[in-house]
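Work through the exercises below with the sequence and the coordinates open. Each task is followed by a solution in steps.

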Amino acid sequence: MSFAPERSRSGRPAKEAADRIRAGILAGDFAPGQRLIEAELCEQYGCNRGAARAALVDLEHEGLVERIANRGARVRAVGVEEAVAITEVRMVLEGLCAAKAAERVTEVQAAELRDIGRRMRDAVSHGEVMVYSGLNSLLHDRLREIGRQPVASDLLANLLARNVRRQFQLALRPGRPQVSLPQHLAIIDAICARDPAAADRAAREHVADVIVAMREIDG
């Protein structure tokens, strides 16, 4: 018997509303702690009250929204200790996905990863922080796709969504790309060498450094 919290079952309208509200939260359209008023969400995203309410239930289960008794729903703020805890779990999953990618990478995929690494080096050398950030996300997405570990990928997507604001804050920190670039290149090299143990280790070391940087920002 499952004792997991019951999720909404309002069907496609609720899912579409949840997707739109989630995207708005991740894009920064809503600040941490900001109230999410159903009537305003309906007007903004073109959904009905039932769909908006069900969407907020789903987003609460994802950790993006919290509901306060007699005060409604609001965007959930994530403190540094929770962010670190999330990232510690992410460290294990990223290592697993990198190891699986090293086992399964094809020559075509390896060439693509090397090209992403080259573009990341160019972005750092030209001081293009946002370009580098986008390539960072692309690299991690491709590693999960190549690794073909769907359970780990789904868990990572949820963890990254809950921590996206801190990740973005970290990405914009002066000097951060110069620190993370060699870490990403080490992951690429290990995967292209088809060395699962080295890929796992490189991915874990990268995420461990992310944790150190998070604590420094809030220190």
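Among contacts in the protein between residues at least 6 apart in sequence, 75% join residues at least 24 apart; contact means heavy atoms within 4.5 Å. The model is a predicted one, in which local features need pLDDT of at least 70 and side-chain atom pairs count only at pLDDT 80 or more, while totals for chains, interfaces and linings use all residues. Residues are numbered from 1 along each chain as its sequence is written, and side-chain values use heavy atoms, with hydrogens and water left out.

**Exercise 1. Overall dimensions**

Task: Compare the radius of gyration of the protein with that of a compact globule, and describe its surface.

Solution. 
Step 1. The radius of gyration is taken over C-alpha atoms, and the globule rule is 2.2 Å times the number of residues to the power 0.38. For 219 residues a compact globule would come near 17 Å; the protein has 19 Å, which agrees.
Step 2. The C-alpha trace spans about 55 × 40 × 30 Å along the principal axes.
Step 3. Accessible areas come from the Shrake-Rupley method with a 1.4 Å probe; for residues, only the protein chains shown count as cover.
Step 4. Of the 219 residues, 43% count as buried. Buried means under 20% relative accessible area, exposed over 50%, and partly exposed in between (1.4 Å probe, protein chains only).
Step 5. There are 32 positive and 31 negative side chains, and the centres of the two sets lie 3 Å apart. Lys and Arg count as positive and Asp and Glu as negative, without His and the chain ends; the place of a charge is NZ of Lys, CZ of Arg, CG of Asp or CD of Glu.

**Exercise 2. The sheet**

Task: List the secondary structure elements in order and derive the strand order of the sheet.

Solution. 
Step 1. Helices (H or I, at least four residues) and strands (E, at least two) are DSSP runs, numbered from the N terminus. The protein has 10 helices and 3 strands, and the elements run α-β-α-α-β-β-α-α-α-α-α-α-α from the N terminus on.
Step 2. Two strands pair if DSSP finds at least two bridges between them. Strand E1 (residues 35–36) and strand E3 (residues 72–75) run antiparallel and are joined by 2 bridges. Arg35 has Arg74 of E3 as its bridge partner, and Leu36 has Ala73.
Step 3. Strand E2 (residues 65–68) pairs with E3 in the antiparallel sense over 4 bridges. Here Ala73 of E3 is the bridge partner of Arg67.
Step 4. E2 and E3 form a hairpin with 3 residues between them, and Asn70 in the turn has a positive phi of about 65 degrees.

**Exercise 3. Positive phi in loops**

Task: Where does Arg148 lie, and where is Arg194 placed?

Solution. 
Step 1. Arg148 lies in the loop between helix H6 (129–147) and helix H7 (150–162). Its phi is near 50 degrees, a positive value in a residue other than glycine.
Step 2. Arg148 has a relative accessible area of 52% and is therefore exposed.
Step 3. Arg194 is in the loop between helix H9 (176–192) and H10. Arg194 is not a glycine, yet has a positive phi of about 55 degrees.
Step 4. With a relative accessible area of 36%, Arg194 is partly exposed.
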